[in-house]
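Q: I would like to learn how to read helix packing and ligand contacts in a model. Could you walk me through it?

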Amino acid sequence: MATHVITGAGSGIGAAVARRLYERGDEIVLHARDAGRAKELAAAFPGARTLVGDLAEPDKLSWAVSHQTLPDRVDSLLHIAGVVDLGTVGDLTPKTWRNQLNVNLVAPAELTRLFLPQLRVAQGHVLFVNSGSGLNAHAGWSAYAASKHGLKALADSLRHEEHANGVRVTSVYPGRTASPMQAKVHRQEGKEYDPARWIDPESVATTILMALDLPRDAEVNDLTVRPGR
Ligand SMILES: NC(=O)c1ccc[n+]([C@@H]2O[C@H](COP(=O)([O-])OP(=O)(O)OC[C@H]3O[C@@H](n4cnc5c(N)ncnc54)[C@H](OP(=O)(O)O)[C@@H]3O)[C@@H](O)[C@H]2O)c1
């Protein structure tokens, strides 16, 4: 049975991926920002293990992880958690920059570092949910786009470094997806939010599972997913 460590499993795309893997009987280890959130995830996915650590504080992840029981092997590490805060360069403060860089970039790098031994044992898969903003940066999106451009660089370097160890690396670049994050983006843009206009998180989950389940003769490096309507 495959073991997957998943961040962001409490909402949106991460929740859809966690449910699919859970329902097919895989072992899932759900990362949560704090003990309260971990309890909620454990109730939503009975039998699933949890792992607590705030991604906004990557310096503390190593200590947090070293005090919890980890799986011996990890078949996939799915970096799905993320945050967004729009604002022009003229308005964004260092605090807002740091929060997005920490959650979206530094914490995924640190979690990957911490789980690489278990990933190598399993010849596992590291998958990063990136964004269209990881490929193109638009007005008002600088901090988020910088974090996601950095996440692309992290994934590309990691792929070169770990290829010989049999660890596969995939970046998925979704367009706007109907989730609480997208509702917040619309609030910040001052636009009305209609979830029916955007990608269903289930469709992003389908692309993620396709990359994970691909036979070992091939590796999906990059997947761009755009709204179909
Ligand atoms: N929605 C879109 O339009 C869109 C488009 C392109 C890419 N993406 C990317 O897709 C990924 C998932 O986004 P989503 O739309 O599913 O967003 P979402 O519904 O807002 O979910 C974000 C998840 O990240 C977790 N998270 C945030 N800060 C955290 C922290 N400090 N520590 C631990 N966990 C934290 C949240 O935990 P809680 O549940 O505890 O809040 C939540 O589970 C993100 O990486 C996002 O950048 C989204």
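Predicted model: local features only at pLDDT ≥ 70, side-chain atom pairs only at ≥ 80, totals over all residues.

Q: What is the handedness of the crossing of H1 and H7?

A: H1 and H7 make a right-handed crossing.

Q: How is a pair of packed helices described in general?

A: Two numbers do the work: the angle between the axes and the distance between them. Here, helix H1 (residues 12–23) packs on helix H7 (residues 201–213) at about 55 degrees, and their axes are 8 Å apart. Angles under 35 degrees count as roughly parallel and 65 to 115 as roughly perpendicular, so H1 and H7 are oblique to each other.

Q: Which residues of H1 and H7 meet?

A: From H1 come Gly12, Ile13, Ala16, Val17, Arg20 and Leu21; from H7 come Pro201, Glu202, Val204, Ala205, Thr206, Ile208 and Leu209. Sorted by class, the contact of H1 with H7 has 9 nonpolar, 2 polar and 2 charged residues.

Q: At what angle do the axes of H4 and H5 cross?

A: Helix H4 (residues 94–122) and helix H5 (residues 142–162) cross at roughly 15 degrees, and their axes come within 8 Å. H4 and H5 are therefore roughly parallel to each other. As for handedness, H4 passes H5 in a right-handed crossing. Among the residues making this contact are Trp97, Leu101, Leu105 and Leu116 of H4, along with Tyr144, Lys148, Leu151 and Leu154 of H5. The contact of H4 with H5 divides into 12 nonpolar, 6 polar and 3 charged residues.

Q: Now the ligand: how many residues surround it, and which are the closest?

A: There are 29 residues around the ligand, with Ser11, Tyr144, Thr177, Ser179 and Gln182 the closest.

How values were computed
Residues numbered from 1 in each chain as written. Heavy atoms only, no water. Axes fitted to C-alpha atoms, helices over the stretch in contact; angles between N-to-C directions. Helix = DSSP H or I, 4+ residues; strand = E, 2+ residues; numbered from the N terminus. Parallel < 35°, antiparallel > 145°, perpendicular 65-115°, else oblique. Left-handed = near helix turned anticlockwise from the far one by under 90°. Contact = heavy atoms within 4.5 Å. Nonpolar A, V, L, I, M, F, W, Y, C, P; charged D, E, K, R; others polar. Near = heavy atom within 4 Å.
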